[in-house]
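Please examine the sequence and the structure shown here.

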Amino acid sequence: MSAYFLPADILLPDFDKVDGKTWSVVACDQYTSEPEYWESVEAQVGDKPSTLRLILPEVYLEDTDGRVPGIHTNMEEYLKSVLVRHQSKMIYLERTQSNGLVRRGLVGVIDLEHYDYNKGSQSLIRATEGTVLERIPPRLKVRRDATLELPHVMLLIDDPARTVIEPLAARAETLPLAYSFELMEKGGKVEGRFVDSVGLGRVEAALNRLITPEQIKARYGEGVAPLLFAVGDGNHSLATAKAAYEEIKAKNGAAAALYHPARYALVEVVNLHDPALHFEPIYRVMFNVDPNDVLSALEQYSFELHGNAAPQQARFLSAERRGTIHFGTPTEQLVVGTLQTFIDRYLASHPEASVDYIHGTKSVEALATKERAVGFLFSGMEKGQLFGAVMRDGALPRKTFSMGAAADKRYYTECRRIK
C-alpha cells in the first residue's frame with residue numbers, strides 16, 4: 001500500500017456485549033461552551049464502557065492535570081477487558097447524519113512523515129487552517145503517555161470523479177460488518193465494514209492517480225506542490241500527534257522512531273465531493289466584554305481597512321443589540337479572516353476577554369444574549385475553493401469552516417495502540 005494511507009491494527013469493542021450508542025461520543029472539541037451537553041452524555045453513559053472515558057472533552061481543558069491520569073488508566077483497563085484487535089484493517093463507513101444524508105469515509109492510518117502543519121508547508125498532508133501552537137501542550141499531555149489513540153480527525157481528498165471511496169459503496173454488502181448502531185444526542189447512525197484485499201488495492205491505485213503530475217496540473221495549474229490530504233476536522237489533534245512523534249524522534253533517534261507506532265495516526269478520509277458533506281461557517285462569540293465597546297472598536301476597524309477584497313458583512317448580536325457590520329474595502333479574502341484579525345487585536349489589548357468558536361446559529365443566539373457577550377454570524381466559504389486556496393495561499397485563517405453541524409462531527413468508535 002502507499003506509504004501515506006495504510007490499514008491499521010484497529011481496536012473495537014465486541015458490540016454484541018457493548019452498547020454502541022453509549023460507546024461512541026462526539027469529538028472532544030465540540031460543545032466547548034456548553035457543559036450541559038457533556039453532562040447529558042455523562043448521564044447516558046453511566047458506568048458502561050465508553051470512549052468518554054478515553055478522551056478529554058475540551059470543555060474540561062482547565063482540569064487537564066486532574067483528568068488525564070484517569071484517562072490513561074482507563075486505556076490500560078479497556079485494553080485488557082473491552083477492546084478486540086482487528087489486524088491490518090481499513091474500515092469503509094457510512095455515517096447517516098442528523099439531516100438523513102449519508103456521508104462515506106475510510107478509516108486507516110496516515111504516515112506523519114508526510115504531514116507538516118507549519119505555514120508554507122508543501123507536504124502531501126497539510127493543515128487547512130493556521131495552527132495555534134499554544135493549543136498543542138494541553139492536548140500533548142493526554143497523548144504523551146497514552147496507550148491508545150481515538151480519531152476524530154477527518155482528512156479530505158479532492159476526488160471529483162469519485163474513484164477512491166465511492167466504488168466501495170457499490171459492493172458494501174459484500175464486506176464484513178464491523179459495527180452498526182445509532183449514535184447518541186441526535187448524531188444519526190454509523191455503519192462500518194472491513195475493506196477486503198481487492199478494495200485495498202483499488203484504494204491505493206486511486207489515491208496514487210490523484211497526485212500524478214498530469215492530474216495536479218489539470219486541476220490546479222502549473223507550479224503547485226501536490227496535495228493529497230487536507231485536514232478538514234481535528235487540525236490541532238493531528239498537530240498534537242505530530243508533536244508527540246517528534247518528541248519520540250528526539251528521544252529515540254530518527255532511525256528508531258520510524259518503527260514506532262506513533263509514526264502513524266488513525267484518521268477518517270472523506271471525499272470533498274461527497275454530496276452529504278457541507279461546509280458551514282464557524283461563528284465567533286466573545287465573552288467578558290462590553291458589547292458596545294467591542295462594536296465601537298469594530299466599526300472603527302472597518303473604517304481603517306483599505307484593501308482590495310470584495311465588500312463583506314457580518315451580523316452581530318448581544319443581549320441589547322443586533323445588526324450588521326459592513327467592511328467596504330477589506331484586506332482579507334474571507335469575512336472570517338477580517339473578523340478574526342479584529343478579534344485577535346482586541347483580545348491582545350483586553351486580557352480579560354476571551355473568544356470561543358461556535359457551530360450553529362442557535363448556539364450563538366443562546367450564548368451571545370448572556371451578560372457581557374457578543375456574537376458574530378457570517379457566510380462561509382464554498383468547499384470547492386478549499387484545495388486550490390490551500391495550495392496557492394497556504395493555511396486559511398483558523399476556524400474558517402466546519403464540515404457540517406456539531407451533531408454530525410465524527411464520533412469516536414475505533415481505537416489504535418500508539419505505544
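Strand E1 (residues 5-6) pairs with strand E5 in the antiparallel sense, over two bridges. In this pairing, Phe 5 lies opposite Ile 110 of E5. The model under discussion is a predicted one.

Strand E4 (residues 91-96) runs antiparallel to E5 and is joined to it by six bridges. Within this pair, Thr 96 stands opposite Val 102 of E5. E4 and E5 form a hairpin, with five residues between the two strands. In the turn, Gly 100 has a positive phi of about 90°. E5 pairs with strand E13 (residues 264-271) as well, again in the antiparallel sense, and here over seven bridges. Ile 110 has Ala 265 as its bridge partner in E13.

Is strand E5 enclosed or open to the outside? Of the 10 residues of E5 (residues 102-111), eight are buried, so the strand is largely enclosed by the rest of the structure.

The helices may now be considered. Two packed helices are described by the angle between their axes and the distance between the axes. Helix H10 (residues 291-304) packs against helix H11 (residues 335-349) at an angle of about 125°, and their axes are 11 Å apart. That angle makes H10 oblique to H11. The crossing of the two helices, H10 and H11, is right-handed. On the side of H10, the contact is made by Asp 293, Val 294, Ala 297, Leu 298 and Tyr 301; H11 contributes Thr 338, Leu 339, Thr 341, Phe 342, Arg 345 and Tyr 346. The residues of this contact comprise seven nonpolar, two polar and two charged.

Note on methods:
Residues numbered from 1 in each chain as written. Predicted model: local features only at pLDDT ≥ 70, side-chain atom pairs only at ≥ 80, totals over all residues. Heavy atoms only, no water. Axes fitted to C-alpha atoms, helices over the stretch in contact; angles between N-to-C directions. Helix = DSSP H or I, 4+ residues; strand = E, 2+ residues; numbered from the N terminus. Parallel < 35°, antiparallel > 145°, perpendicular 65-115°, else oblique. Left-handed = near helix turned anticlockwise from the far one by under 90°. Contact = heavy atoms within 4.5 Å. Nonpolar A, V, L, I, M, F, W, Y, C, P; charged D, E, K, R; others polar. Buried < 20%, exposed > 50% of the residue type's maximum accessible area, 1.4 Å probe, protein only. Pairing = 2+ DSSP bridges.
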